[in-house]
Amino acid sequence: MDAFLDLLPQFGTAAVETLYIVGLTLLFGGIGGLIVGLGLYLTRAGNILENRPISVILNVLVNFVRPIPFIIFIAAAQPLARVVVGTGIGNAAVIFTISLAATFGIARIVEQNLMTISPGVVEAARSVGASPLRIIFTVLLPEALGPLILGYTFVFVALVDMAAVAGAVGGGGLGDFALTYGYRQFNPVATWAAVLVIIVLVQVVQFSGNWLARKAFRR
């Protein structure tokens, strides 16, 4: 325990780094996933922006990236990270890589949630002359808001897991702390402290997401 107390400054820094990484990846990946997911849905046959070539390209791209295990993806994307953020290791590279992976995972979640919307609602908006942009922001997103909140809550949990895995390949945060000060120094207290913080963080976000989703469903 005394050894862990000496590590409290590093532990606090690691916890903040995890929040920083997960927060930015949820922002960037969330926006990217929403855009790609809308593209998947809107370009499907019979939808308001039907476009078979674009639909096929987006589906192939999403299906290509999603199955890749993250530990392999983060290594494979390292050259691209060097081009985009100037480095293949560290938090900047980790944020870029997780955001990229999250974009394609979130895209499929967005598409699936939009598919639950009754086609009649969209047709009603089209019949009164609503533009595609207006339909997106006044019909599709409001109608799918509750499921989308639950979907993004699930994604947050996955991003915490990705951020922890990134600690094995040069990223910071609680994953790196658990490996460096817990596993490699045979200090189980440090390891379990990191685990407990991650559990608390996930529980807080899960309960918050469930509460927001219930509010959205009742509106």
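Let's start in a loop: phenylalanine 186 sits between helix H10 (174-183) and helix H11 (188-218). Helices here are DSSP runs of H or I, at least four residues, numbered from the N terminus. Phenylalanine 186 is not a glycine, yet its phi is positive, about 55°. Its relative accessibility is 74%, so phenylalanine 186 counts as exposed. The cut-offs: buried is under 20% relative accessible area, exposed is over 50%, partly exposed is in between, with a 1.4 Å probe and protein chains only.

A word on the source. The model is predicted, so local features need pLDDT of at least 70 and side-chain atom pairs pLDDT 80 or more, while totals for chains, interfaces and linings use all residues. Residues are numbered from 1 along each chain as its sequence is written, and side-chain values use heavy atoms, leaving out hydrogens and water.

Next, arginine 108. It lies in helix H6. At 9% relative accessibility, arginine 108 counts as buried. Its side chain makes a polar contact with the side chain of asparagine 59, at 3.0 Å. A polar contact is a pair of N or O atoms within 3.5 Å; within protein, one must be able to donate a hydrogen and the other to accept it, and residues adjacent in sequence count only if both atoms are side-chain atoms.

Last, the helix pair. H2 (residues 8-42) packs against H6 (residues 90-114) at about 40°, with axes 6 Å apart. Axes are lines fitted to C-alpha atoms, for helices over the stretch in contact, and angles run from 0 to 180 degrees between N-to-C directions.

Key:
Helices (H or I, at least four residues) and strands (E, at least two) are DSSP runs, numbered from the N terminus.
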